[in-house]
Amino acid sequence: MAYAADADSRDYVIAYEIHSSDDLPPDFCASSMLTYFDSAVFLPRGDPHLFGRSSHPPRLLALTGNGLTIVPHPSANEQVEFLALERLCFIESGHVLLRGWLRFTGRDFDRTLFYNRRDAGPVEAFLGRIRANFLGTSGGSDRSVGIDLGDPLDFKFRHALEEELISDEVARAVLFRPVREVERTLLRRRRRWPADLIALTSRRLLWVTDLHGSGHAYYGSIARYAAVRNIARMQRARDGTKRILRVNFHCSEQHWVIPLAEEHYESAAWFETALG
């Protein structure tokens, strides 16, 4: 890829894959510290707001054998970061319309990187390489779903599950709670309760939801996954009218609280003993 010598990568608006040092933006070359990498991706800065400012600078995200290296644009005055894969506990990837992000949580770090999804293909391809490195290998090549513990998958979440599964990854069990609309009797207003999908595969525990903040992301979803080896415990709990599946990890004090429907509470007991 050819660049003008004075190109400013803060003007780039789409992500792209980096295959060699020749693909590095010129303004990153002197300070990138990427003398060696297996693969990398350029993440453009956030769209400028008032006075030309943006919420985050351009970054390079590189897979460097045993970890991830995050290189901010030289103008950001931020330090290069290294996240060791052996200390990585779980990964989160989310998108709502054109706003996308990657989150890496480990024993001593919790890092979120935002990017614009005008062209998400390069980021998804790079994330696939991280997944393969993080999750390792598993036997078998059957991608069919095993035990169905919840409601039938709708189109959105069936597609999300298919997109997440790696070629030789087997879904042992899937529990799906679809979107619910609840009418408030006093104000006569309807509220949409987001959907949740839980899948235990031959490699990981996967949780896909369209809960974003405190609301329902109609045009988005969030996938979180942890390697099976990182899970310490899965346990159901009742909290008033709420039913949850709590997931604790060996490698982080962070935990997941996954909502359960009342009618799925007994079925979700399968997850409590699945790793025994």
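User: Are C89 and C251 buried or exposed?

Analyst: Good place to start! This is a predicted model in which local features need pLDDT of at least 70 and side-chain atom pairs count only at pLDDT 80 or more, while totals for chains, interfaces and linings use all residues. Residues are numbered from 1 along each chain as its sequence is written, and side-chain values use heavy atoms, leaving out hydrogens and water. With buried meaning under 20% relative accessible area, exposed over 50% and partly exposed in between (1.4 Å probe, protein chains only), both C89 and C251 are buried.

User: How many residues apart are C89 and C251?

Analyst: The two form a disulfide, with their sulfur atoms 2.2 Å apart; the rule asks for a pair of cysteine sulfur atoms within 2.5 Å. By this rule the count comes to 1 disulfide. C89 sits in strand 6 (residues 88–96) and C251 in the loop between strand 19 (242–249) and strand 20 (255–260), so the pair links distant parts of the chain; strands here are DSSP runs (E, at least two residues), as helices are (H or I, at least four), numbered from the N terminus. The separation is 162 residues.

User: What is the torsion about the S-S bond of C89 and C251?

Analyst: Here the torsion gives the hand of the disulfide. The disulfide is right-handed because its S-S torsion is about 70 degrees.

User: What is the phi of G65 in the turn?

Analyst: Strand 3 and strand 4 form a hairpin, with 3 residues between them. G65 lies in that turn, and its phi is positive, at about 80 degrees.

User: How are the rings of W207 and W256 arranged: stacked, edge-to-face or tilted?

Analyst: Rings of Phe, Tyr and Trp (its six-membered ring) pair if their centres lie within 6.5 Å; planes under 30 degrees apart count as stacked, over 60 as edge-to-face and the rest as tilted. There are 9 aromatic pairs by this rule. In the pair of W207 and W256, the centres are 5.8 Å apart and the planes are at 50 degrees, so the pair is tilted.

User: How far apart in sequence are the parts that W207 and W256 tie together?

Analyst: Both W207 and W256 are buried, and F90, W207, F249 and W256 form one aromatic cluster. Because W207 lies in strand 14 (residues 204–209) and W256 in strand 20, the pair ties together parts whose separation in sequence is 49 residues.

User: What is the distance between L275 and V228 in space, C-alpha to C-alpha?

Analyst: L275 lies in the segment after helix 4 (269–273). Its relative accessibility is 32%, so L275 counts as partly exposed. L275 and V228 are 47 residues apart in sequence, and their C-alpha to C-alpha distance is 8.0 Å.

Key:
Pairing = 2+ DSSP bridges.
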